[in-house]
Amino acid sequence: GTVIGICCSDGVVLGVEKIIQSKMLVPNTYRRIYSLSRNSGLAIGGVLPDGRQLVNRGREECSSYKKNFGVPITGKVLSSRLAMYVHAYTEYWHLRPFGVSSLLSIYDIKDGYSLYMIDPAGECFKYYGIAVGKGSQQA
């Protein structure tokens, strides 16, 4: 599905297109927007299990940074760490690359609200507004 993110002066808006694959699916179990910490969230577009793996890694990064340094992780650091993690899966022939593009929204004291896009190749860019996924051209 399509994932859209818009960064405003008072917050970041994330939206996802929910494609219902079956009428037997239990409501509210097909999530594509996750919370990583109190100040960050991740919206995923692509293969759902790959996205959950990235969410778990992001939660680990947030909690370890807070534990080690005593302050919440900044957007630049979290986005670069997640991008390096995704990029590592493109380096070796025995690992399957991630099939997910993700939008990271984060708030920190220094930069305010930020929106980052992490693509399956492991590149990370900061945006004011971006759409990724199947219908990104129409959005």
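Let's start inside: serine 102 is buried, with a relative accessible area of 0%. "Buried" here means under 20% relative accessible area, "exposed" means over 50%, and "partly exposed" is what lies in between, using a 1.4 Å probe and counting protein chains only. Before going on, note that this is a predicted model, where local features need pLDDT of at least 70 and side-chain atom pairs count only at pLDDT 80 or more, while totals for chains, interfaces and linings use all residues. Residues are numbered from 1 along each chain as its sequence is written, and side-chain values use heavy atoms, leaving out hydrogens and water.

So where is serine 102? It lies in strand 5. Helices (H or I, at least four residues) and strands (E, at least two) are DSSP runs, numbered from the N terminus. Leave out residues up to four places away in sequence, and serine 102 touches Leu42, Ala43, Ile44, Leu54, Tyr116, Met117 and Ile118. Touching, or contact, means heavy atoms within 4.5 Å.

Serine 101 is in strand 5 too, and it is buried, with a relative accessible area of 16%. Setting aside its neighbours within four places in sequence, serine 101 is in contact with Ala43, Ile44, Gly45, Ile118, Asp119, Pro120 and Val132. Now follow the chain for ten residues, from serine 101 to aspartate 111: their C-alpha atoms are separated by 23 Å.

Next, find helix 1, which covers residues 48–69. Its 22 residues reach 31 Å from the first C-alpha to the last, close to the 32 Å expected at 1.5 Å a residue. That expected span is 1.5 Å times one less than the number of residues in the helix. Which residues of helix 1 are buried? They are Leu48, Asp50, Gly51, Leu54, Val55, Gly58, Glu61, Cys62 and Tyr65. Look down the axis of helix 1 and these buried residues fall within an arc of 150°, so they line one face of the helix. (The arc is that of the directions from the helix axis to the C-beta atoms.) On the other side of helix 1, Lys67 and Asn68 are exposed.

What covers the buried residues of helix 1? The cover includes strand 3 (33–37), strand 4 (40–46), helix 2 (75–91) and strand 5 (100–108). Zoom in on glycine 58, which sits in helix 1 and counts as buried at 0% relative accessibility. Apart from its neighbours within four places in sequence, glycine 58 is in contact with Leu36, Leu78 and Leu82. Just after helix 1 comes glycine 70, which takes a positive phi of about 80°.

Now for the charges. Side chains of opposite charge can pair when their charged atoms come close. A salt bridge is counted when a side-chain nitrogen of Lys or Arg is within 4 Å of a carboxyl oxygen of Asp or Glu. By this rule the count comes to three salt bridges.

One of them joins the side chains of aspartate 50 and arginine 96, at 2.8 Å from N to O. Aspartate 50 lies in helix 1 and arginine 96 in the loop between helix 2 and strand 5, so this pair ties together parts that are 46 residues apart in sequence. Aspartate 50 is buried, at 7% relative accessible area, whereas arginine 96 counts as exposed at 55%.

Arginine 57 also forms a salt bridge, with glutamate 61, and their closest N and O atoms are 3.2 Å apart. Because they are four residues apart in helix 1, arginine 57 and glutamate 61 are separated by about one helical turn. Arginine 57 is partly exposed at 29% relative accessibility, while glutamate 61 is buried at 11%.

Glutamate 61 has another partner: it forms a salt bridge with arginine 81, the closest N and O atoms being 3.0 Å apart. That pair links distant parts of the chain, with glutamate 61 in helix 1 and arginine 81 in helix 2, 20 residues apart. Arginine 81 is partly exposed, with a relative accessible area of 27%. Put together, Arg57, Glu61 and Arg81 are linked in a network of salt bridges.
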